[in-house]
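Q: Could you take me through how to read burial, contacts and salt bridges in a model such as this one?

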Amino acid sequence: MRNPIVPALAVLLAGLNTAQAGGGFWCRAEDGGLTFSVKASAPRGGGPLVSLESTLQVLDKAAPKELRAFRFKREDLTQHWLDGREGGSLKLRFQRQGAAKASFESLGLIVDAPATDEGRFEGRYTLTVYRRGSAAPTDPFEASGSVSCSAD
């Protein structure tokens, strides 16, 4: 008589291997105003991100000092959209409130990159930073430029 656990275990292990398959996206912007990079991985079938690594370095001296070496956390990516089909796009929205002693109230970074080829996206980023104690909250620090992204 065969042990039914052995075939069941094989099926379970094969399923785990499939569940582990994932994809991700990468973006990079580098110009005279800032350097930004992000790398994220997610399950191929969709769902929450498994990991996120990012760097942001704002070179403009008018920007809050914390942004000269800044990292977004996974929870800062408040929205993401990846449609790799022809005519699709990759869109990211990062949002962070400044800590109590930070020199900024909040910052937002939006990446909007239409698909240019299979797995390739080219577009724009927009960074908006509201400084703490600014006399004119309608006068934020802003930067924008080109961004290149890939996804699989």
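A: Let us begin with exposure: a residue is called buried under 20% relative accessible area and exposed over 50%, and partly exposed in between. Bear in mind as we go that this is a predicted model.

Q: Is D60 buried, exposed or partly exposed?
A: D60 has a relative accessible area of 34%, so D60 counts as partly exposed. As for its place in the chain, D60 sits in the loop between β3 (51-58) and β4 (77-82).

Q: Which residues is D60 in contact with, leaving aside its neighbours within four places in sequence?
A: With those neighbours left aside, D60 is in contact with G33, R68 and F141. Separation in sequence can also be set beside separation in space: D60 and L34 are 26 residues apart along the chain, while their C-alpha atoms are 7.5 Å apart. The side chain of D60 also reaches the backbone nitrogen of A62, at 2.7 Å.

Q: How many salt bridges does a search of the whole structure find?
A: The search finds four salt bridges, and one of them joins the side chains of R96 and D76 at 2.6 Å, N to O. Because R96 lies in strand β5 (residues 89-97) and D76 in the loop between β3 and β4, this pair ties together parts that are 20 residues apart in sequence.

Q: Are R96 and D76 buried or exposed?
A: R96 counts as buried at 16% relative accessibility, and D76 is buried as well, with a relative accessible area of 6%.

Q: Which residue forms a salt bridge with R132?
A: R132 pairs with E105, the closest N and O atoms being 3.1 Å apart. Here R132 is partly exposed at 31%, and E105 is partly exposed at 37%.

How values were computed
Residues are numbered from 1 along each chain as its sequence is written. This is a predicted model: local features need pLDDT of at least 70, side-chain atom pairs count only at pLDDT 80 or more; totals for chains, interfaces and linings use all residues. Side-chain values use heavy atoms; hydrogens and water are left out. Helices (H or I, at least four residues) and strands (E, at least two) are DSSP runs, numbered from the N terminus. Buried means under 20% relative accessible area, exposed over 50%, partly exposed in between (1.4 Å probe, protein chains only). Contact means heavy atoms within 4.5 Å. A polar contact is a pair of N or O atoms within 3.5 Å; within protein, one must be able to donate a hydrogen and the other to accept it, and residues adjacent in sequence count only if both atoms are side-chain atoms.
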